Amino acid sequence: RRKMEPAGAAAGPAGHEAQAAPAPPSRLQRREAERLEGVERQRQKREAQVVKEEQSEFLLAAFSREREAVEAQLAAGALGEAGARLQGLQKLLTESVRFLAPYEVRRGQEELARLQAGLAARRQELQPKKKFAFRARAKEAAGAKEPPPRPASPPLPAAPAPGPAEGEAGGTPLCGFRGAEAERLELGPAELLQRDVVLCELRGCRVRLRGNASALRLRDCHGCTVLCGPVSTSVQLDGCSECVVAVACQQLRTHRTRDCRFYVHVTSRAVIEGCAGVSFAPYSWSYPGIERDFESSGLDRSRNNWNLVDDFNWLASDRPSPNWTLIPEEERISCWD
């Protein structure tokens, strides 16, 4: 019995130490902690979604009110106020892109295009009528080496008009060119002032548009270079390929367009749809009087979103669209003459 006492005495302190050691967290405790973290993340996500939805509803309501105000001013003939308010509406939509769903942005862009077309139509109604038509240029003589720039007036007999282009009031363009091939075409400030311009079915042409147009439409053009001064509202391309376009505008939209290069000053975000191989660089064309045309157009020279492009066919937010790129600086055109 005396021999067992030391062993018992030694076991006492060891048992005391074992009881004093901290117990590791159980598997249930870890799972509970992970569950609480997950609940907190979900709560924060729901709150962020609620804020975004509330912001979206607020912006859509504000857009709707401004749109109705612009429509009322157009109906009343207050075109100056309508134009200023329309620019504010464009700015509101541009600044709201990150809060809105892609389909909401697209619908807003379509509403803006409709209002811009309505403004151009009302301007035409309220000013003295002038006759403008597509002009088909006669072929140069066989011995001519290079055709001179085409004079804008007097107009030659119009070629058969195509179907209505997007944004044209009643489908009748006010001025432009159609069906030309390998020609140098030009319009000046007096002809462009706040009028719609349509370029249709051109092949290998070089077009210079010096002045302030209201809108510009390109349809089914191939291998052309189009140099255009400030456009007050929108520029739209449809079915074009292998073109170079230099233009300043409020809104740029391209549809079914391939392998084109754009040199742009655009105050909203450019939009592409059904496009591939398009690339962008800052606007670099200039001509005598361009500063005056910028003032007449109302474009904000301090805002140029040339490198911000929305691709309506590419919805992945974590990867860039493969349909457009930026033109490397060393490849950009700086001299257009």
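Predicted model: local features only at pLDDT ≥ 70, side-chain atom pairs only at ≥ 80, totals over all residues.
A residue is called buried when its relative accessible area is under 20%, exposed when that area is over 50%, and partly exposed in between.

Asp259 has a relative accessible area of 47%, so it counts as partly exposed. You will find Asp259 in the loop between β10 (251-255) and β11 (261-266). Its backbone deserves a look too: Asp259 is not a glycine, yet its phi is positive, at about 55°. Most residues other than glycine have a negative phi. Glu201 also has a positive phi without being a glycine, with a value near 55°. This residue belongs to the loop between β4 (196-200) and β5. Glu201 is partly exposed because its relative accessibility is 30%.

Strands of a sheet pair through backbone hydrogen bonds, in a parallel or an antiparallel way. Here, 7 strands form an open sheet with parallel pairing, and reading across it gives the order β3-β5-β7-β9-β11-β13-β15. At the edges are β3 (184-187) and β15 (324-326); each has a single partner strand, so one side of each has no neighbour in the sheet. From one strand to the next, the twist averages 20°. For a look at one pairing, take β5 (residues 206-209) and β7 (residues 225-230), which run parallel and are joined over 4 bridges. Arg208 has Leu227 of β7 as its bridge partner.

Now for the empty spaces. Rolling a probe the size of a water molecule over the atoms shows where such space is left. The largest pocket holds about 460 Å³ of space. It is lined by 20 residues, and those closest to its centre are Asp310, Asp311, Trp314, Leu315 and Ala316. Two elements, α4 (102-125) and β14 (309-311), each give two or more residues to this lining, and β14 provides the largest share, with 3 residues. Domain 1 (33-125) and domain 2 (176-331) each contribute at least three residues to the lining of the largest pocket.

The second largest pocket has a volume of about 190 Å³. Among the residues lining it are Gln87, Lys91, Thr94, Gln250, Ser268, Asp300 and Arg303. Domain 1 (33-125) and domain 2 (176-331) each supply at least three residues to the lining of the second largest pocket.

Conventions. Residues numbered from 1 in each chain as written. Heavy atoms only, no water. 1 Å grid on protein atoms, 1.4 Å probe; cavity = no way out; pocket = protein on both sides within 12 Å on 5 of 7 lines; lining within 4 Å. Points joined across faces, edges and corners; volume = space filled by probe spheres on them. Domains from an automatic or database assignment. Pairing = 2+ DSSP bridges. Axes fitted to C-alpha atoms, helices over the stretch in contact; angles between N-to-C directions. Buried < 20%, exposed > 50% of the residue type's maximum accessible area, 1.4 Å probe, protein only.
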